[in-house]
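Please look over the model below before reading on.

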Amino acid sequence: MFARIVRMKLRPDGSKGFARAIDDEIIPTLKKYAGFTGEIAMVSSDGKEAIGISLWDRKENAETYNQRGYAGVLKALEKFVEGKAELHNYEVTNSTVEKLPVRKAA
């Protein structure tokens with residue numbers, strides 16, 4: 001398994017819009033790509049920072065998404081984000097995550 005971790009600084013009052021965009025635009029986009037297995041999106045308790053973790057079956061599928069879809073995702077989030085998103089890629093070595101309960105965006 002492969003993970004892409006994106007860290008972003010949010011604009012003031014951007015956390016709700018960010019969460020809505022993840023549900024309404026980003027996850028449907030990710031689901032169109034082969035090998036996508038899940039997304040975890042988090043917003044800090046002060047609402048100033050967000051982290052998105054997308055999980056992929058193979059590095060090659062994550063790279064295909066990076067080349068073809070990632071720019072569109074950044075574009076969809078730009079109204080909620082300040083500055084440039086920071087991206088890191090990882091091989092997943094251990095995980096117990098199957099299905100996490102999540103709070104729906106307001």
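1. **Terms for the core.** A nonpolar core is a set of buried Ala, Val, Leu, Ile, Met, Phe, Trp, Tyr and Cys residues joined through side-chain atoms within 4.5 Å. Buried means under 20% relative accessible area, exposed means over 50%, and partly exposed lies in between (1.4 Å probe, protein chains only).

2. **Basis.** This is a predicted model: local features need pLDDT of at least 70, side-chain atom pairs count only at pLDDT 80 or more, and totals for chains, interfaces and linings use all residues. Residues are numbered from 1 along each chain as its sequence is written, and side-chain values use heavy atoms, with hydrogens and water left out.

3. **The core.** The largest nonpolar core has 22 residues. Met8, Phe18, Ile26, Leu30, Trp56, Tyr65 and Leu77 touch the most other members. Two or more residues come from each of strand S1 (2-10), helix H1 (15-30), strand S3 (49-56), helix H2 (59-68), helix H3 (70-77) and strand S4 (81-91). H1 contributes the most, with five residues. Helices (H or I, at least four residues) and strands (E, at least two) are DSSP runs, numbered from the N terminus.

4. **Met8.** Contact means heavy atoms within 4.5 Å. Leaving out residues up to four places away in sequence, Met8 touches Phe18, Lys48, Glu49, Ala50, Gly52, Leu77, Val81 and Ala85.

5. Arg4 sits in strand S1. Arg4 does make a side-chain to side-chain polar contact with Asn66, at 3.0 Å. A polar contact is a pair of N or O atoms within 3.5 Å; within protein, one must be able to donate a hydrogen and the other to accept it, and residues adjacent in sequence count only if both atoms are side-chain atoms. Beyond four places in sequence, the contacts of Arg4 include Trp56, Tyr65, Tyr70 and Leu87.

6. **Tyr70.** Tyr70 belongs to helix H3. Its relative accessibility is 12%, so Tyr70 counts as buried. Tyr70 touches Arg4, Val6, Tyr65, Ala85 and Leu87, not counting residues up to four places away in sequence. Tyr70 and Leu30 are 40 residues apart in sequence, yet 9.1 Å apart in space, C-alpha to C-alpha.

7. **One side of H2.** Asn61, Ala62 and Tyr65 are buried in H2. They lie on the same side of H2 because they cover an arc of only 100° around the axis. The arc is that of the directions from the helix axis to the C-beta atoms. The buried residues of H2 pack against S1, H1, S3 and H3.

8. **Salt bridges.** The count is five. One of them joins Glu49 and Arg7 (2.3 Å, N to O). This pair links distant parts of the chain, from S3 to S1, 42 residues apart. Glu49 is partly exposed at 25%, and Arg7 is partly exposed at 40%. Glu63 also pairs with Lys59, with the closest N and O atoms 4.0 Å apart. These two are four residues apart in helix H2, so about one helical turn separates Glu63 and Lys59. Glu78 and Lys75 meet in a salt bridge at 3.0 Å, N to O. Glu78 is partly exposed at 42%, whereas Lys75 is exposed at 55%.

Technical notes:
Salt bridge = Lys/Arg side-chain N within 4 Å of Asp/Glu carboxyl O.
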